[in-house]
Every structure is written in structure tokens, then in C-alpha cells.
Amino acid sequence: MKNNINIQGGIADAKLAAQKLILTQGGEPTFVPYDTTAPEWNLAALGPEKLKYARKLAHELASTKFKGAVVLQSFGKHYPGEPLPRWQIGIYKSRSAEPLWNDLSRLRLGQDTIAEGDPAMPKQFIAELAASLGLKDTSLPAYEDLDAKLRSIGSDETTNLLPRFSRSKRAFISRPLPDDIGEKWQSFFEPAGWVLPLDHDDKIWSTGEWNLPDGDDLTLFPGDSPVGLRLPLHRLPEGAIRRGLSVELRDGELIVFLPPLPSFKCFAELVRAVEQLALKLNLPPIRLEGYTPPRDEDLESMALTSDPGVLEVNLPPADNWPDFERFIRGLFKSAESIGMRAHKYQLSGRKVSTGGGAHIVLGGPDLEHNPFIDRPTLLSSFLRFLQQHPALSFAFSGLFIGPSSQAPRIDESAYELPYELEITLRAIEAMSQPGDPSMIDALLRNLLMDWNGNTHRAELSVDKFYNINTSNGRSGLIEFRAFEMVPEAEPLLAANVLLRSLTACFAEKPFTSTLIDWREALHDKFMLPYFLREDLHAVIAYLNQHGFSFDKDIFEAQLDFRFPLVTQFTTGAIKWTLRHAIEPWPVMGEHEGTGRVVDSTTDRLEMLAEGDLATAGLIVSVNGIRLPLQQVNNEAAVAGIRYRLFNNFWGLQPHITAHSPLNILIIEEATNKVVHAFDYVNWKLLGEKYDGLASNDKDGRERVAERLVDRSSLVGSVAVVQELPASQPPLYTLDLRRSDLKS
């Protein structure tokens, strides 16, 4: 499989080069530790353990894939309802010049413990740093705001320490501080850190005095963030430098906080000066934090970010397949070396994705050399092809799919959108080359979104293509969001080479087939693995007709992971396979809190019969109802089983209780005699609790197996089978929630 993937990547690169296109490829793989019981590995975005793993992984990557890079902790995205932006661990290196950082042991990264820093070190460090940059020492101490702290506590004791306004005296009356205030509030009388006003004009460094009104101290904004983020710059006189490097000691660790700098060149110079000084002073590992460097052609970077339940890796974009492939394999190896993996287990034993994405991002080196701007038909081709092949929407996704998911198909959002999309695609196809990115954005922005109007939540998101409403929106990036994390590098690479190869095909010849109205088939037929496999085979056939040589089974590992086997058995000449299928999770009405609530308590299975079922004369019943097995060819019949997995009194159809166990019978149709029987239970047989999550494949398989109950005692007995009223059009899926409609 590895060789076949790399061969296809090479073919794609050659085709793109022949079309004079440079396609960059990135993504957002996600990882979790082996023990995922902590909240930060389930729903919470932040947590102390996650930051430790991020630092360890950054150290591993900087040691292997980004040699000579510096690791900097900064702030990333700021989400509504969260007081601060989430942290981000960035890895930055120069493509051409000398290393930015030589000795990673000088940075606070993977070490379990380090020696405590000297309280006098912040002042000494900042003074010597100024000297190393050829500057006068203009540093000054920064203090925490005692007044704000006392007001935030609001107790009688602290309130009595604050000034009180007297109307009779028309003045504020201050009380003398008690003698013991130093004992209780000593930290407020000592510097929280030291600040060096610092700027660069692209030639030399400069500094200057910060003279605050009335000779006041430099008093920080209240908070827990580093000193460098809480500077009262608004109080500085006009003309004063408004950048400042800060140094502080927190929890025994020396933190050097870099200000925003005008160029990557001066960022690199400052970072090198910091390392040289740390080496000269023989300091314990320092925490390097601050603002990220500006974009630059010489800058290569990647980032590790905190996302709910996972550690997310923002890949550096690669403009060729070999570089991308090497990095992905190295990333998995690095994650494994620090005790992280790309999957986890449910209580039931099912092996599932991390819960985070592995979204694939395509673009170009810059807007002037962006393939989706140079050839607008690449975008229209992808949108048509994705809509025609539901396997690309569902076979690589996580458990949460459907209209309210993170990556809804355009024909899942609103019924009129495909009609509107056809008009839009024709407009894009009529564009001259290169296209107008602002018009492309305007055409697609109001179509590629979820049903709440969120443009980020779309199967193909153009939120970072040419969005004038956000600071990073005009990046020329196309994000494929229906791709979720997989346990190993191989299937992740297979998914990525698929999109690279499709881009090459569409560059040679745009895909212009009209959109398909799937209607009920979308959430019936294409919820079943059998049809998704067939659809992927059609995708492979398309690629191979255009000069590729994909193996037919290249996505088998992906399908086996996405649709795990429950059980397999034979009756005579028929081979039966029961495996997981897909069940869309509907979003519920308003509940307490700000998050969206979805109902995940309905599930779906697929029953596949391989062999001549008609000759064998066999039927299947589930809980006494005939399964609508439909013949898909001379040697296979398939059906879906939709059922309530658990009781859910706040979910959809709350009156329907769990269908457990599922009693599955293989029956001889002529005599109604049972030839095979078993139960599939939704939980432990006696309903007792599991002792934590499954920890490995063996544990997971055992938990699945113990929920299968042999019912051989029923073999030979006569079964009573009922049928639900036939649906129009005929559906592949038996919905047990309709069992009260039995004829």
C-alpha cells in the first residue's frame, strides 16, 4: 500500500507540474494520550496535561523534522465564552539561514521537572539582553494592581483598605495601611516582572524611557497572563515606543516574552540573542513566550493547538508529495514516542477517531500562484465531484455526520441549495483564467455553510480562501472538513493522495457533470458501508481512467476502521457480515448552556449476505420484523438496521426506549424455521458499569464479543415474522423506531 500511495503522489505531482500549477497541501491531524479519562481529552479544550504533551511533541518535532527551529508559546484562536485565547505552541525555523535555536534543552519543553530560577534573574537577564543588543538599559519593573485585586475580592477586610469618597469633604479619604499588609500582600510590593521598551526599524534596535504620568509605577492590567500581554500601553506618552520585551519568574520558571516585531529577520536576531544569553548565564530551561513572527518567505512554521478533547497539529504546507509523506510518517512516529496515538476507544470497546479532525487543506504558495485562483474550475469540479460521490462525504468522516455536523454536504443543509449551486458553478466555469478571488468568494460564501449560516462548517469550506471579513481570511485555502483522524499514517496518506490526484485530474480536464438529486438515498443507501465501498471504487476507476494506477483496495483500512465488524458467520453457502453503519445525529432544541446538543442515541448497522440468497431461500428478522434485504447483484444482498441504542428522554422520539437486545434470526423462508440466531446487546449483559474505557484492541474486541449472545437453542424452532408497511420508494433500512406500525 505504501508504494502504491507514493506512486500516485508522484503521478499527481507530474501532472500538476505539466499544468504549471503549484499545489500546497496541509492539514490538521489530532492526537490523544493512551489515557483519555481527563476532561481535556473529552470535551474541554484546555488542561495542564495537554500543554505538557504539546511541549513534548514540539520538542520531538523540532529535534527531528524542524532542526534548528525555536519553539514559542503564544496565543491562538479566541472563542466566544472563553476569557482568553487558547494557547498555541509554534515551531519556527529559517529555510535558508543559520539555526534560530541550537540547544533545545535550554527551552522548557519535555522536561518533567527543572531547577527553580533565581528571583533576581529577571532584572539581570533583561539588563544583559539590552547590552547584547547594543542598547542602554531602560528596563523598568512592572507591578500587579493591588487596588484592582482588593476590589475583586470584595470582603469587608479588603474594602476597608480602599479609599472612600466623602460627600461632606468632597474628597476621597484614604486610610493608612495596616502594619501587617506586607505579610499578606508582599507579592504586590515586588515586581511581577521587568520590561524593556524595544523596537526595530529593520536596521537597528532601539529603546527609550517609559515615563508614566505623575511618576506612577508601571502597573499591569489584572489577570493571569504573562506580563507582556498586560502592559498598560495606553498610559504611555505620545511618541513612546509601544513594544516591550518582558521577563518574569513564575512558578520557579523564567519566562521571556517577545513583543510583536516588524519582521521575521529581527525576530530571528532576537531569539538568537536570547539563547546566547541563556547559555552565557547557564540558566535552567526558560519558557519562551510571546507574539508569533510575521509571515516571510524565509519562515517555515507549524503549530500545536488546543482543541476540545484533542491536541491538534497544524501541518506546514508542502508543495510536493514526498515532503508531505515524509512529514506525516515522522509526525506519527514522534507522537508515538511521547505516548500519544491517533485513536481512542469507547466504553463499548469500539475503536474510534480521536474525536478531532484531520481536515485536509489545499492551496498555493501565495495568492499570485494559487491554483484555485489560476483555475477557478478546480473549485467547481471539486464541488460537483463531491456532490456526486457521497463516499467522499461519509467514508472518511467521524461519527457525527449530517446537517448539524461540522461538515454538512450542501444537499444536507437546505433543499434549495443544490439548485442555487448549479447556477453558481456555471458562473465559475464561465470565468476567465485567472479568476477573481473576491467574486469566487462572493459566489460561494452564502452556499457553503451549515443551516445556521456558519461558513466554517461546510464539507468544503472557503472561509480562508478570500474572506475579507477576517484577518487571515485571504489565504487562498480550501478546507476539506469531512476527513477525520485515523489510527495510522497509511490511511491518512491515502485520503490525502486522493485529493491531490483529483486536483491533478481536474486541472487537465474540468469535471462538469450535473448535480444529482439523491433524495432519500443520501441518508439511506449511502449510510451503508457496502454502497460507500462501491462508490469509492467508482472514484478509483475515474482516477485510473485519467492516468493513475490506484489499487482497488487502497481504502480498505479506512473502511474497516470507519465501519468496524460486529460479527461474521456462515449458513450453508451464505456468508453473513454484521458491521457498523452510519447514523446522522440530529441537533436538538435549546438546552442549558451555550453548546449545541445532539442526539447520538440512535444507531445503525449493516447486514450483508454474500452468496445466492434466493437459491438459499433465507430471510432475516430483527426483533421479529423482517429485514428488507435487497439484492444488489447476483451474489450479494444488503440492508440496514436503525435502532434506538439507549433511552434518551430529552432527545428525538423520547417515547421510544432502547431496542436491546437486538434479536437477529436467519430463517428458512419456506418453513419459517430458524437456522441461526443471536442477540446483540447494547451494554454489558447485566447492565453493570465498565471499569473505564477500553485500553487497546484486545480489550476492545473482548467488550464487543461479550455483547454477542449465542441463541443456538432457537435453531429449528418456527419463527413468527412480521413486516412493516412498505416504504415508497423502497428503502434499504429497517427503522425499528417504526415497529409500532407493524401490519
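Tutor: Let us go through some features of this structure together. This is a predicted model, in which local features need pLDDT of at least 70, side-chain atom pairs count only at pLDDT 80 or more, and totals for chains, interfaces and linings use all residues. Residues are numbered from 1 along each chain as its sequence is written, and side-chain values use heavy atoms, with hydrogens and water left out.

Student: Where do names for helices and strands come from?

Tutor: Helices (H or I, at least four residues) and strands (E, at least two) are DSSP runs, numbered from the N terminus. Helix H15, for instance, covers residues 489-508. The expected span of a helix is 1.5 Å times one less than its number of residues. The 20 residues of H15 should therefore span 28 Å, and the end C-alpha atoms are 29 Å apart, which agrees.

Student: Is H15 mostly covered or mostly uncovered?

Tutor: First the term: buried means under 20% relative accessible area, exposed over 50%, and partly exposed in between (1.4 Å probe, protein chains only). H15 is mostly covered, with 19 of its 20 residues buried.

Student: How do I read a pair of aromatic rings?

Tutor: Rings of Phe, Tyr and Trp (its six-membered ring) pair if their centres lie within 6.5 Å; planes under 30 degrees apart count as stacked, over 60 as edge-to-face and the rest as tilted. By this rule there are 26 aromatic pairs. One of them joins Phe506 and Tyr542, a tilted pair with 6.3 Å between centres and 50° between the planes. Phe506 is in H15 and Tyr542 in helix H16 (residues 529-545), so this pair ties together parts 36 residues apart in sequence. Phe506 is buried at 1% relative accessible area, and Tyr542 is buried at 12%. Both belong to one aromatic cluster, together with Phe382, Phe385, Phe480 and Phe511.

Student: What does Arg384 touch?

Tutor: Contact means heavy atoms within 4.5 Å. Leaving aside neighbours within four places in sequence, Arg384 has contacts that include Glu422, Arg426, Glu429 and Phe511. Arg384 lies in helix H10 (residues 377-388) and counts as buried, at 1% relative accessibility. A polar contact is a pair of N or O atoms within 3.5 Å; within protein, one must be able to donate a hydrogen and the other to accept it, and residues adjacent in sequence count only if both atoms are side-chain atoms. The side chains of Arg384 and Glu422 make such a contact, at 2.8 Å.

Student: Next, strands. How are the residues of E4 arranged?

Tutor: In a regular strand the side chains alternate between the two faces of the sheet. In E4, Trp87, Ile89, Ile91 and Lys93 point one way, while Gln88, Gly90, Tyr92 and Ser94 point the other way, and all are buried. Eight of the eight residues of E4 (residues 87-94) are buried, so the strand is largely enclosed by the rest of the structure.

Student: Which strands pair with E4?

Tutor: Two strands pair if DSSP finds at least two bridges between them. Strand E3 (residues 70-75) runs antiparallel to E4, joined by six bridges, and strand E15 (residues 299-307) pairs with E4 in the antiparallel sense over seven bridges. Look at Ile89: this residue is the bridge partner of Gln73 and also stands opposite Leu304 in E15.
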